[in-house]
Structure formats: structure tokens, C-alpha cells
Amino acid sequence: MVLIIRDTMKSIWNDDGRKFQAESLDGDIKTDVLVIGGGLCGILCAYMLKESGIDCVLVEADKICGGITNDTTAKITFQHGLIYHNIIKKYGLEKAQHYYISQKNAFEKLTELASQFEDDLMRCNSYVYSMQDRGVIEKEVEALNKVGCRAEFCTDTELPFQVSGAVKVENQAKFHPLKFAYAVAKDLKIYENTKVVELAPHTAITNRGKIKAKKIIIATHFPLINKHGGYFLKMYQHRSYVIALKNAANVKDMYVDERMEGLSFRSYDDLMLLGGGSHRTGGTGGNWAELESFSKRYYPNAETVAKWATQDCMTLDSVPYIGQYSKSTPDLYVATGFNKWGMTSSMVSAMILTDLLSGRKNEYAHIYSPSRSIWHPQLAINIFESAKGLLKPTAPRCPHMGCALKYNRQEHSWDCPCHGSRFDENGKLINNPATDDMKR
């Protein structure tokens, strides 16, 4: 049974109420590894480190899973859009195979854990479809089969419209992300409402005390340090929207358009989760209006019982950054840039970083190295957008790097088109990489 959501601006994962609470840090402590960021990625990193016998502490500035994890549609799949054809084209077959194997291993580990920790895990098929371009679908089917994944081309789907083609991968999964994350977090050393305000070598200074650590992992969605790694150039953020529909024709499987601006579909219980209306953060797009319009056309008897939005860090080559934060920071690590596929990529991060911090070689780490080449066409776009935001002479400005903020009328927020920070109407920080509230 799904409860009717009274606050329709929150995701459906909040229905059951909060079932996790941790204390705040009180004074100075020491640990082997500090994980900064309490989303699914940070929680899985802390869990895997603990399982390897490493003393680990996780700190979260607010409440765990209060950010992007709370707003996901929670599709567990190694079918990440049309990525395999693109990786073969950019990097060759071997690297595409390594990406596939690492994501498949993460999928298997994540679903194994989920089957232990919660009862909402459901197996299903995953589809990436195209409305107009049969050719790109055929190329992806070929690429998936080359890397060792069984995939098939099809045109018959559960969708309420005809597609030119779809890539079908069987035996993927979906679940309730908060139930899972809270269950995994239950026995970890976690401090909530503990904000890191400054980082020094082997030390994190928080608003509630210092934490000494031999190694530090930054899992804060968008990395919070500008002077190392160049993540403000290597990534941008993309905002997308979801509505939960009651009395719609639910789908058994999961669907996503091959276009970034397209629609996605999955069901949970008796609700259809319809996603789309996306755009670069600080830009314009269809928002919820596009989804409502689609619903009225194809599901005329449906009722919207919840709606929410999320945003994702997009990398230059569509592959996450996981590993050493930069060449000049040997004891600092990062996991970021999941390109809308945060479920398996969170587990990939936990598996790779646990190996690296345990002194073990991970044969897939080189694929995700944050120090790999930045020479991709997206870099020029990111530089252009940053320059535009910096040179625009309007106020208010983002405290992250000084870009002009743009008012988001749909969500009543101030959004940064350069790097994706967001603030509410009163200037309170909503999304990083900014670490401070907006000043008018």
C-alpha cells in the first residue's frame, strides 16, 4: 500500500517516514578513513571499508540520504544509456569491456546486499529506447554483445507510444533506495549534522570538532575542493524532474530515452514514476509541465500524487571519476560524476576505493581515474558556460566561484548555470558545490 503524500514536492521514498538517526560529532576524534558525504555512495564506501576491517567514520552536513539519493528513481542496471558504443569509439573495446565488467560486478554485489537488507528489490528488464533513430539502438546492441552482455533489439514495449527501436537487457532491478541505505547504515559510525568547513592534510575541521584521518574520501556529489582536480571544469550538473502517477498504466520493466532530454519510466507499487523535462542546471527545459502534459495525453485518468526534481553530475566522457582526488593529493580520494547512473556507480566506487585504501590492486580503477585526459568537446562547453556566468554583471552571485545566479521559477530557487549550486529564495544552500549560503 502506498500512502498519499501530503507534501507533493517530496519524493515517494519519504512515505514511510524517516527510519534513521545518528548523533552529531562532539569533539575531536581519530580514524583510519574519513568519508565525507552521507548519500548512497558514501554509505556504501563506509560499509565496504568496515567489511574489510578498516576503521572508518562517515560525516554528513545534514541528514544521510537527504540529497540526491532521496530523489533518485532507483534503477539498478549496468545499461547506462548508449554508453558502450561511445566507450568503444573513444577508448576501444578493452576499456568498454572493463567498464561493463566493473558495473556488472557492482550490480551483482548491490542486488545481493539489497536482497539481504530490504524486501522491495524487484527484478525486471531494462530498456533504452529511441523515438526516431533506429541506427543508434542497433549500434548499442552490437556494442553490448561485443563486451559480453546479452542484449537484443526490439520494437515492442509497454510504453504508450511506438518507438523506432529499443535495447533490451534482461534481469536488471529496482528497489526502495532509502530503505536499503538506512539498513546498510545501521551499524556504521556516522555523524549527522556535522559539516566539514575546512580540509587540511589528514584533518577535516567540522563545525563540531576535528577529525584526524590517514585517508579521506570525498563523496559529496560534487567535490568540494576547487584548488585540486579541476572538477569545476570537468563536470557540469543536469537537472531532471519526476512525477508519481496514480491510476496510470504501470510498467513492469524500466525504460529510458537515449536522448538526455527524453522520458524515463518505472513503477513502484501502484505508482508510475515518469521522469524527464530535463536541462542543464541554471538553464531552461520542460520541467514538470512537460511531464504533466504527457500524462494528460497518455494517462488521462491519472492523478499526480507527488513530484520532485534531482540533478546529476555529468563528466566529460560519461564515465565517473573514482580514485585519487588529484596527483598532488595522495591521501585524498573522490567518487563523483555518475551521469544519472548512481546506483551501480556508487557500488563501483565503494569496491574500487576499498581496494585502493586496503593496498590491493583493482584492475578496473584505471577506467575511472580522475586524472585521465580532459580533452573532450564537453570541456569547451563547460568553459564557455562558466565564462558566461562569471562575466554576466547581475546579482546575486554564487559563493562557489562568483557566477551570476539565475532564478528558477518552477522551483523557486536561485541556480548556478556554471557548476550547479542551488539556493532557496532566502539564500540557504540546497545543492553543492557551494559550501556557504548565498549572499545578496
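Select Pro 396: this residue sits in the loop between helix 9 (377–391) and strand 18. Helices (H or I, at least four residues) and strands (E, at least two) are DSSP runs, numbered from the N terminus. Now show the peptide bond from Ala 395 to Pro 396. That bond is cis, with omega near 0°.

A word on what you are viewing. This is a predicted model, in which local features need pLDDT of at least 70 and side-chain atom pairs count only at pLDDT 80 or more, while totals for chains, interfaces and linings use all residues. Residues are numbered from 1 along each chain as its sequence is written, and side-chain values use heavy atoms, with hydrogens and water left out.

**Stop 1: the whole chain**

Zoom out and colour by secondary structure. The chain has 9 helices and 21 strands. Its radius of gyration is 21 Å, close to the 22 Å that the globule rule gives for 440 residues, so the chain is as compact as a globular protein of that length. The radius is taken over C-alpha atoms, and the globule rule is 2.2 Å times the number of residues to the power 0.38.

Turn the chain along its principal axes. The C-alpha atoms fill a box of roughly 60 × 50 × 45 Å.

How much of the chain is buried? Of the 440 residues, 57% count as buried. Buried means under 20% relative accessible area, exposed means over 50%, and partly exposed lies in between (1.4 Å probe, protein chains only).

Now think about contacts, meaning heavy atoms within 4.5 Å. Take the contacts with a separation of 6 or more: residues 24 or more positions apart account for 71% of them.

**Stop 2: the charges**

Colour the charged side chains. There are 54 positive and 50 negative ones, and the centres of the two sets lie 5 Å apart. Lys and Arg count as positive, Asp and Glu as negative; His and the chain ends are not counted. Each charge is placed at NZ of Lys, CZ of Arg, CG of Asp or CD of Glu.

A salt bridge is a side-chain nitrogen of Lys or Arg within 4 Å of a carboxyl oxygen of Asp or Glu. By this rule the count comes to 18 salt bridges. Visit three of them.

- Select Glu 108 and Lys 104. They form a salt bridge, with the closest N and O atoms 2.7 Å apart. Both lie in helix 3 (residues 93–117), 4 residues apart, about one turn of the helix. Glu 108 is partly exposed, at 37% relative accessible area. Lys 104 is partly exposed too, at 28%.
- Select Lys 215 and Asp 331. Their side chains meet in a salt bridge (2.7 Å, N to O). The pair links distant parts of the chain, 116 residues apart: Lys 215 is in strand 10 (residues 209–218), and Asp 331 is in the loop between strand 16 (321–324) and strand 17 (332–336).
- Select Glu 411 and Arg 422. Their side chains meet in a salt bridge (3.4 Å, N to O). Glu 411 lies in the loop between strand 18 (406–408) and strand 19 (413–415) and Arg 422 in strand 20 (residues 422–424), so the pair ties together parts that are 11 residues apart in sequence. Are these two residues buried or exposed? Glu 411 and Arg 422 are both buried. Salt bridges that share partners join Arg 239, Glu 411, Asp 415 and Arg 422 into one network.

**Stop 3: Met 254**

Go to strand 12 (residues 254–257), where Met 254 is found. Met 254 is buried, with a relative accessible area of 1%. Show what touches it. Leaving out residues up to four places away in sequence, the partners include Lys 75, Cys 124, Tyr 127, Gln 172 and Phe 265.

Now draw a distance from Met 254 to Val 33. Their C-alpha atoms are separated by 37 Å, and the two residues are 221 residues apart along the chain.

**Stop 4: two positive phi angles**

Select Asp 269, in the loop between strand 13 (264–268) and strand 14 (271–280). Asp 269 has a positive phi of about 55° although it is not a glycine. This residue is partly exposed, at 44%.

Last, select Asn 339, in the loop between strand 17 and helix 8 (342–357). Asn 339 is not a glycine, yet its phi is positive, about 55°. Asn 339 is buried, with a relative accessible area of 7%.
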